[in-house]
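Here is a walk through one protein structure, taken a few elements at a time. Please keep the sequence and the 3D view open while reading.

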Amino acid sequence: MPKGKLFLIPNVLAENTANTVISPQVREVVKHTKVYLVENLRTARRYISSLKLGVNIEEIHMEILDKSTKPETINRLMQPLLNGADMGIISEAGCPGIADPGALAVAHAHVKGIQVVPLSGPSSMFLALMGSGFSGQSFAFHGYLPIDRKERAAALKNLEAESLREKRAQIFMETPFRNNQLFEDALRTLSANTKLCVAKNITGSDELILTKTIAEWKKLPLDLHKIPTVFVLQSF
């Protein structure tokens, strides 16, 4: 029996944006896929419903694949692929496999000889980098910085030093309810001439992508509380 294909299905970054950021290719795949690994059941169901494809949600089978999923359970979760069924992975937001537990399933698929099909869609880290004006030739994504304030300050200084040494754009993020603390630490810790791009609610109606020096940011009021945000810094 031929194996199914594993489709990496991008989700929206901001609410009510599916009509502008989700391609016909993604819609076609979702229309014909009945088995999914998802990071959040409620979010995934709402997303599929928002595409208005005439899909009966009750006929779709979903299993959870999140940061708590253990590697030894992946084989069971992906058994439908070995039985010939196509399967989709849907993240909480953005593209599966980028700062996302979907990478576990993708790695397993390669081991099992299952075809992986990534579909294009919105990725907050790449959209932030594109809009920052920083180097697209050399960049690094660091995910979440430490929660502890001293460790976070040290991490920021290390990113700044590496950026200057390697001429590298540094991309990082924080849980939305801690965005303001991270932003305040960046203003306190980084050098005045270091540039910081703040990209909030990317693709949303109140999207802001703005690059300023740390000295300039200190003069601008900015509230990022509970707003999905990506930060990019570069030191020159």
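Two strands count as paired if DSSP finds at least two bridges between them. The model shown is a predicted one.

On one side, E8 is joined to strand E9, residues 208–213, by six bridges, and the two run antiparallel. One of the pairs to look for is Lys195, whose bridge partner in E9 is Thr213. E8 also pairs with strand E10, residues 229–234, again through six bridges and in the antiparallel sense. Here Ala199 stands opposite Val230 of E10.

Thr203 is found in the loop between E8 and E9. Its phi is positive, about 75°, although Thr203 is not a glycine. Thr203 counts as partly exposed, because its relative accessibility is 22% and buried means under 20%. Lys226 lies in the loop between helix H10 (214–217) and E10. Lys226 is not a glycine either, yet has a positive phi of about 65°. With a relative accessible area of 60%, Lys226 is exposed.

Now move to helix H2, residues 24–32. Which of its residues are buried? They are Val26, Arg27, Val29 and Val30. Seen down the axis of H2, these buried residues fall within an arc of 165°, so they line one face of the helix. An α-helix has 3.6 residues a turn, so residues three or four places apart point the same way. The face of H2 turned away from the buried side carries the exposed residues Pro24 and His32. What covers the buried residues of H2? The cover includes two strands, E1 (6–9) and E2 (35–38), along with two helices, H1 (18–21) and H3 (41–50).

Ile98, Phe126, Met130 and Phe139 make a nonpolar surface patch of about 370 Å². Of these residues, Phe126 can be located in helix H7, which spans residues 124–132. Phe126 has a relative accessible area of 35%, so it is partly exposed.

Notes: Residues numbered from 1 in each chain as written. Predicted model: local features only at pLDDT ≥ 70, side-chain atom pairs only at ≥ 80, totals over all residues. Heavy atoms only, no water. Buried < 20%, exposed > 50% of the residue type's maximum accessible area, 1.4 Å probe, protein only. Helix = DSSP H or I, 4+ residues; strand = E, 2+ residues; numbered from the N terminus. Arc of directions from axis to C-beta. Contact = heavy atoms within 4.5 Å. Patch = residues over 30% accessible without salt bridge, like charges linked within 9 Å, V, L, I, M, F, W, Y side chains within 5 Å. Areas by Shrake-Rupley, 256 points an atom, 1.4 Å probe, with all protein chains shown as cover. Salt bridge = Lys/Arg side-chain N within 4 Å of Asp/Glu carboxyl O.
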